[in-house]
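Subject: Structure handover

Hello,

Here is the structure for you to look through. Please open it before you read my notes.

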Amino acid sequence: MAQVMMKDLNKKYDEVHAVKDVNLHIRDKEFVVLVGPSGCGKSTTLRMVAGLEEITAGEITIGDRIVNDLPPKDRDIAMVFQNYALYPHMTVYDNMAFGLKMRKFPKPEIAKRVQDAAEILGIQELLKRKPRQLSGGQRQRVAVGRAIVRHPQVFLFDEPLSNLDAKLRVQMRVELKRLHERLETTAIYVTHDQVEAMTLGDRVVVMKDGWIQQVGEPLELYGKPANRFVAGFIGSPAMNFVEVTVADANGALWADTPGFRVKVPLASAGRLGPYRGQRVTLGIRPEDLRVATGSDGADHSFDTVVEVVEPLGSEILLDLKAGPNVIVARVEPTVRVKHSDKMRLALHPERVHFFDNKTELAI
Amino acid sequence: MAGRAGSGAGMVEGARWRRWVFFYVPLTFFVVGTLFPFYWMLVTAFRPDGELYRPWRAVNNTPFWTTQPTVEHVLYLFKQTMFASWLWNTMFIALLSTLIALFCGLLAGYALARLRFPLAGGLGTGIFVTYLVPPTLLFIPLADIIRDFRLGDTPWSLILTYPTFLIPFCTWLLMGYFKTIPKELEECARIDGASRVRAMIQIVFPIATPGILSAGIFAFTLSWNEFIYALVFLSSPQQKTVPVGVVSELIRGDVFFWGPLMAGALLGSIPVALIYSFFVEHYVAGLTGAVKG
């Protein structure tokens, strides 16, 4: 059980500056997910915590020890890899026992711990098999088992579910969450999948190009994205972005674009004031759009034309055209529309986001 | 019909005649061309002298088989020549130089495949280039060195010179093999509590067994068959290896003792053939570099 601190962490390869000034405080027992597109530095950060990459500058503390110069084996961590990294020449039992043998645990203790872990993960029957005789999901369980038998201070997960098929991934995701609640060990989890990040993390760290974009609880990232990148990255389907001009009329601010014109809600109006007459980016999530009814005023609804209908069963995704802008809306499955139908959409005024065009920061 | 039969041959699609022309006929030529010298060696080794030196046009000449097989040539080898010593010398030299080459090759191959250090790429290429220098050139400076160290006419002259071409070979083969092993396996072992050396010995080497075996077999065969260094560095009959001994002691002037020559060649190739047949599966896996995880 330990906290992990990263202070001004930097990693430079010959030409590439992979991780830039990362500052992160991961609390004891916390499950933190690093998420971002490939090449954003999330894996490199994790590997620096593991001791598999040298730290160019900065400091990493696990518990109360600075671990910069400690070899991986002395950091008291365990890691689960994307390709499982099971030792192919050893049985499942030996795979799980390897770390304990290396640390010279007595045999009965090793047997007990492996049994316990196998029980938690439901792999008791597999202990005598070799990794090649296991399915992908079973291998993943063994890899997790190998990590938990050691009772390390910190778990590191490097895209552990990426090699599994979609259904199994969802199932393992739930199991991992349950496992974390049971073991209460600090965990750092790297993924490029924002759904995994949102569902698993106590807090989520969004990274891009080596920089941390935002750190926050899942719903905080979803509800109050710090910038345009986070807004577009979190949530599926992604947030719609439309470039608008901030216009002043009838004593209120309006977001104006050739496709539509909506009234800026009072809450945002204050912050948007300085942008009067300038262009900003309006962001609205597909789920914050709905089919307009008679009671929706003209100040937050607009006309669109249906381009693509994607029925998903529980909902329908519509690709709509509002003037020159393409907008995705998530609507009730009962909505019956087809290509080139005309449709009036209303947006949820309190859930409109605005971003500065230059800095891309939320306004 | 033709299509189904064609899939049996595996290589060539289409009409039956195409399979014969492009598959069976070339294959037959190849098999006969490869195996005939061995057959000739076998027949000659067991043919009595009377038959061997019979004129080609004699009525009772049977060049392709023998009517009275005999082991007199084999007995001659062991009684009249030092063939037993040659076998022992060859075995000793080949085994030791193979072990030296494997040891160095394993460490060098691992380092080149895994460690990041300055000039790693240049070093790898450098090692490969030394392999390209032909022994027919290299034996001249090497002879000088062997003389300086007073190793001439001892097995050590070969045990120490064979690694000059075995180590680059093993290094490259093993480097390629190590690169096919996912590095996460080692990283995981290092997190699990192993040092780098320990992870190498307990995780990487066991997985690389097929590669190590093929490097070993290849190195052993190369040293077993080596001729030019053995010819230059060894002079007294009791020190010679099989390839040199057979050729230098059984060809006297322009007289060829064909029977013992072929018997020597036959006995000399048996150990290598045995080793190959034992490890053939590992050997193929080693060359194709397949790690099944």
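Below is what was found, starting with how to read the model.

This is a predicted model: local features need pLDDT of at least 70, side-chain atom pairs count only at pLDDT 80 or more, and totals for chains, interfaces and linings use all residues. Residues are numbered from 1 along each chain as its sequence is written, while chains are lettered from A and ligands numbered from 1 in the order in which they are written.

**Chain A overall**

Chain A has nine helices and 20 strands. Both are DSSP runs, numbered from the N terminus: helices are H or I with at least four residues, and strands are E with at least two. The C-alpha atoms of chain A fill a box of roughly 80 × 45 × 35 Å along the principal axes. Of its 363 residues, 39% are buried. Buried means that 20 or more other C-beta atoms lie within 10 Å of the residue's own; exposed means 12 or fewer, and partly exposed is in between, with C-beta atoms placed from the backbone. Now look at contacts in chain A with a separation of 6 or more: 66% of them join residues 24 or more positions apart. A contact needs two C-beta atoms, placed from the backbone, within 7 Å.

**Two sheets in chain A**

One open sheet has four strands in the order S2-S1-S4-S5, with antiparallel pairing. Strand S2 (17–26) and strand S5 (65–66) of chain A each have a single partner strand, so one side of each is left without a neighbour in the sheet. Two strands pair if DSSP finds at least two bridges between them. Strand S1 (residues 4–12) of chain A is joined to S2(A) by six bridges. Which residue of S2(A) stands opposite A:Met5? There you find A:His25. Helix H1 (residues 42–50) of chain A lies across S1, S2 and strand S4 (57–62), at about 115° to S1(A). Axes are lines fitted to C-alpha atoms, for helices over the stretch in contact, and angles run from 0 to 180 degrees between N-to-C directions.

Another open sheet has five strands in the order S13-S12-S11-S14-S20 of chain A, also with antiparallel pairing. Its edge strands are S13 (261–263) and S20 (353–356). The twist averages 40° from one strand to the next. Five bridges join S11 (residues 240–249) to S12 (residues 252–256) of chain A. A:Ala249 has A:Ala252 as its bridge partner.

Helix H2 (residues 92–102) of chain A has several buried residues, including A:Val92, A:Met96 and A:Phe98. The buried residues of H2(A) pack against H3 (107–121) and H4 (136–148) of chain A, together with H10 (183–192) of chain B. A:Lys104 follows H2(A) and has a positive phi, near 60°.

Across the two chains, 17 residues of chain B are in contact with 20 residues of chain A. H10(B) gives the most to chain B's side, with seven residues.

**A helix pair in chain B**

The axes of H5 (residues 83–114) and H9 (residues 163–180) of chain B come within 7 Å and cross at roughly 40°. That makes H5(B) oblique to H9(B). Angles under 35 degrees count as roughly parallel, over 145 as roughly antiparallel, 65 to 115 as roughly perpendicular and the rest as oblique.

Best wishes
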